[in-house]
Amino acid sequence: MQQHECRPLEDFVEYPSDEMVKRSEEFYAEIKRRHTVRSFSDRPVERAVIENCLKAAGTAPSGANHQPWHFAVISDPQVKSHIRVAAEKEESAFYDGRAGEEWLNALSPLGTDDHKPYLEVAPWLITIFAQQKGGITKEESRKNYYVRESVGIATGFLINALHHSGLATLTHTPKPMTFLNEICDRPKTEKPYILLVVGYPAEDATVPEHALVKKPLQDITTFI
Ligand code: IYR
């Protein structure tokens, strides 16, 4: 059996309890300002910011620490335009009926449609892929575990890091999104998970009222 080596937990920081309350309040206030944006500015965003946020995402916990994610990061205008054309093709079939009535009814208060100009306007697109095979190093091809859970957590870290850095995001999920494997040149063993649109919001960006309705604490928790 492989040796199970450990080192002391050196970078954990403990705060006095009143400071903990304050920090948790401040974090809530900051994350509460995060809104999904569907109208982006074409203002450029420094690559260093994106890289730091990706490094933050890469620290997420994952099954057996296999880190079963790949981030394809796109700024090339031609590739973005290719993605827009392919996504709009799938989305027009979706909004034209493939989604079904119940789904389209659920979406109507958000005002979404098959028109996705932000895929070309925003400076960065990040396609998050979930890897069925991998391992603790890039070279391995072992089974991965809890892949969707792990990639979901890493995506949450990424969205949070981008928001914290001062950027807006949109979690876009064209359906199906297999066209992203070809465009991003990723193997079939990787499943596109979310296409994250990243940049500054357009000056006239709005947030649908529907998206601002968050369930109160008592509706999302039971303390046992
Ligand atoms: N993928 C489509 C539809 C869509 C689906 C859900 I569920 C949303 O919360 C929002 C949109 C689109 O991106 O327009």
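In this predicted model, helix α1 (residues 17-32) meets helix α6 (residues 147-165), with axes that come within 10 Å and cross at roughly 90 degrees. On the α1 side, the contact is made by Phe-27, Glu-30 and Ile-31. On the α6 side, Asn-160, His-163 and His-164 take part. By class, two of these residues are nonpolar, three are polar and one is charged.

Next comes the sheet. Four strands form an open sheet in the order β1-β2-β6-β5, with antiparallel pairing. β1 and β5 (168-172) stand at the edges, and each has a single partner strand, so one side of each is left without a neighbour in the sheet. Direction ignored, neighbouring strands are turned by 25 degrees against each other on average. Leu-170 has Val-197 in β6 as its bridge partner.

Two helices pack on this sheet. α2 touches β1, β2 and β6, and its direction makes about 170 degrees with that of β1. α6 lies across β1, β2, β5 and β6, running at about 10 degrees to β6.

Which residues of helix α2 (residues 47-57) are buried? They are Ile-50, Cys-53, Leu-54 and Ala-57. Seen down the axis of α2, these buried residues fall within an arc of 100 degrees, so they line one face of the helix. The spacing has a simple background: an α-helix has 3.6 residues a turn, so residues three or four places apart point the same way. The cover over the buried residues of α2 includes β1 (69-74), β2 (124-131), α6 and β6 (190-199).

Key. Residues are numbered from 1 along each chain as its sequence is written. This is a predicted model: local features need pLDDT of at least 70, side-chain atom pairs count only at pLDDT 80 or more; totals for chains, interfaces and linings use all residues. Side-chain values use heavy atoms; hydrogens and water are left out. Axes are lines fitted to C-alpha atoms, for helices over the stretch in contact, and angles run from 0 to 180 degrees between N-to-C directions. Contact means heavy atoms within 4.5 Å. Ala, Val, Leu, Ile, Met, Phe, Trp, Tyr, Cys and Pro count as nonpolar, Asp, Glu, Lys and Arg as charged, and the others, Gly among them, as polar. Buried means under 20% relative accessible area, exposed over 50%, partly exposed in between (1.4 Å probe, protein chains only). The arc is that of the directions from the helix axis to the C-beta atoms. Two strands pair if DSSP finds at least two bridges between them.
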